[in-house]
Amino acid sequence: MPDSRYKVDVSVVTRFLSEQSQPEQNRFAFAYTITVHNNGELPARLLSRHWVITDGDGNVEEVRGEGVVGQQPLIKNGHSHTYSSGTVMTTKVGNMQGTYQMLAEDGKRFDAVIEPFRLAVPGSLH
């Protein structure tokens with residue numbers, strides 16, 4: 001059973017960026033806004049991220065890095081941190097998933113899971 005002291009939930013809202021996309025060159029830009037909710041009992045710092053991005057052809061790109069958009073936010077228990085970022089794919093549809101590596105105030109490291117979410121050009125899914 002998961003330890004309730006270390007519970008971080010992640011929600012995602014996605015948006016297709018038509019103005020930054022070039023479909024004739026297989027360039028499809030997407031923005032995503034992530035909210036990291038600390039539902040645990042202890043404050044926790046978001047140290048790093050690991051993304052797995054899969055395009056519509058099954059090609060996988062992994063991205064690892066410190067923090068999110070240049071920050072390593074400390075998220076107090078009961079609070080959340082929201083940020084926006086983006087990605088470019090060569091297909092109209094794809095998905096992303098991953099983990100945030102967190103450090104609780106008591107020194108314990110744990111992962112916050114980012115469940116798979118879809119990126120899709122409007123009208124490309126039936």
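Ground rules. I worked from a predicted model, where local features need pLDDT of at least 70, side-chain atom pairs count only at pLDDT 80 or more, and totals for chains, interfaces and linings use all residues. Residues are numbered from 1 along each chain as its sequence is written, and side-chain values use heavy atoms, with hydrogens and water left out.

Entry 1, strand 3. I looked up residues 44-55, which form strand 3. Strands here are DSSP runs of E, at least two residues, numbered from the N terminus. Of its 12 residues, 10 are buried (under 20% relative accessible area, 1.4 Å probe, protein chains only).

Entry 2, partners. I then checked which strands pair with strand 3 (pairing takes at least two DSSP bridges between two strands). Strand 7, residues 93-104, runs antiparallel to strand 3 and is joined to it by 11 bridges; I found Ser-48 opposite Gln-101 there. Strand 4, residues 60-66, is also antiparallel to strand 3, with seven bridges, and Ile-53 has Glu-61 as its bridge partner. Four residues lie between strands 3 and 4 in their hairpin, where Gly-58 has a positive phi near 90°. Strand 5, residues 74-75, pairs antiparallel with strand 3 over two bridges, and Arg-45 faces Leu-74.

I located Thr-87 in strand 6, residues 80-89. Is Thr-87 buried or exposed? Thr-87 is buried because its relative accessible area is 13%. Leaving out residues up to four places away in sequence, I listed its contacts (heavy atoms within 4.5 Å) as Phe-28, Ala-29, Phe-30, Tyr-32, Ile-53, Met-96 and Leu-119.

Definitions and conventions: Buried < 20%, exposed > 50% of the residue type's maximum accessible area, 1.4 Å probe, protein only.
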